[in-house]
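I opened this notebook to record what I looked up in the structure.

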Amino acid sequence: WMLRTALKCDNDAEADKNTGSDKSKDEYTMSDVAVLMDWDYVDDEGDGANIKGSIDSDATLTAHEFDDLQEWVDALDAKKDGFLVALLPSLTDDAQDALDDNKDKIGDDLKRFVEDGGVLVSATDGSGKNHDFLNTVFNWELSVKDSTAGAITRQAGADGTCFSNATLMLNSSVTWTDRDDLPEDSVVLFSDGDRHVAAWRIAVKKGWVYMLAYDWSSGADEDWDWMLRTALKCDNDAEADKNTGSDKSKDEYTMSDVAVLMDWDYVDDEGDGANIKGSIDSDATLTAHEFDDLQEWVDALDAKKDGFLVALLPSLTDDAQDALDDNKDKIGDDLKRFVEDGGVLVSATDGSGKNHDFLNTVFNWELSVKDSTAGAITRQAGADGTCFSNATLMLNSSVTWTDRDDLPEDSVVLFSDGDRHVAAWRIAVKKGWVYMLAYDWSSGADEDWDWMLRTAL
């Protein structure tokens, strides 16, 4: 569980923007939300203020307000150093006119932002203006459904996602989207079980669009506020169906595709490799892609273009460090660049410390293995507000501790003995993340650690 959670957790995990991770003022993580607050186009007294309040109530999100529609669009850039997450509150009458007058700049750039991997979350009220706006941008045919509906229930599309345990109460402020007019390959999260859809999403190439049916001008709502914040943080947990009509090429991947190093010259075939692969395969929202050559694995990682966004490094053999030392400019520098550009690297480890040494060489760290004398594993404050906030881990002899005193500056400890023995930690490296999970999968499967692995992915 720990392994899988680390592999899926990037969007939920915020980077500390005041760290030593070399972020410039123009580099943002998935926790930074570009919020349109142009009062010519957004309802100032209603949705704008209440939605802003909902975001501000979550310490893992940072709202950045834009009081000009064009400046908001210009700041969105999922391929470079711009924002990766954008929020579109309910719109006024003039928004469609502005879009129609400047579609090649506003509409086309907004579509490109999503296609390049951005997340666009749209709230909506009963006017249908957001439906019309998205129709123009994405060439859809969304429509508002009449308000006669039963209770809101969680649908199968929410299974295995950030919304899998959510509940929503029916209220008069829900603006339904007609299921029959949703774009092909849309995923319904909550509806009345028929045509009245309250929350849905769709993959658009490498990015996502969410529509939430609550009218925030009616005031705050605990359930819908949670839905909003979760949608803003859920991209890494949500898998794209790669067999859809979303124009994906064979070389375009989502956060659900995991590039797994399975080069038996460098990875323990009988232990970590097979058991970790089994853990990933047990999660229907993840797809493991095996690479039996170290250099090909590194070459396939490209967080800026159409390569993989998530990579898994099982426990390494004696020869891995030699291969890295012999070709650091190609293997090490490219792996570091992958993370800096927004990739997620999850490393398992055994008692040998070989993965510690490997990461030390790639990132110029000084990680070390801590002796095995430790108390129980407990969840630390660093796990609060993340995918791991409700996780538990049991102490066992297969845990390889990292010494807290030797962690890189700005590392976040997720699980430890409360002292120097760290079982799971992560760090933001510019726009990406590195996770290290301390379980030795050569010892066999472990329910808690398998969950950690899949969630990190």
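Which residue follows α11, and is its phi positive or negative? I found that Gly342 follows α11 and has a positive phi, near 120°.

I noted the basis of the entries: the model is predicted, local features need pLDDT of at least 70, side-chain atom pairs count only at pLDDT 80 or more, and totals for chains, interfaces and linings use all residues. Residues are numbered from 1 along each chain as its sequence is written, and side-chain values use heavy atoms, with hydrogens and water left out.

I then looked up the whole protein. It holds 13 helices and 18 strands, taken as DSSP runs (H or I of at least four residues for helices, E of at least two for strands). Of its 457 residues, 60% count as buried. I recorded an accessible surface of about 17400 Å² (Shrake-Rupley, 1.4 Å probe), with 38% of it belonging to carbon and sulfur atoms.

Last, I examined the packing of α4 (residues 94-101) and α5 (residues 103-115): the angle is about 100° and the axes lie 6 Å apart. The two helices are therefore roughly perpendicular to each other (65 to 115 degrees). Ala98, Leu99, Asp100 and Asp101 of α4 make the contact with Lys103, Ile106 and Gly107 of α5 (heavy atoms within 4.5 Å).

Key:
Axes fitted to C-alpha atoms, helices over the stretch in contact; angles between N-to-C directions. Parallel < 35°, antiparallel > 145°, perpendicular 65-115°, else oblique. Buried < 20%, exposed > 50% of the residue type's maximum accessible area, 1.4 Å probe, protein only.
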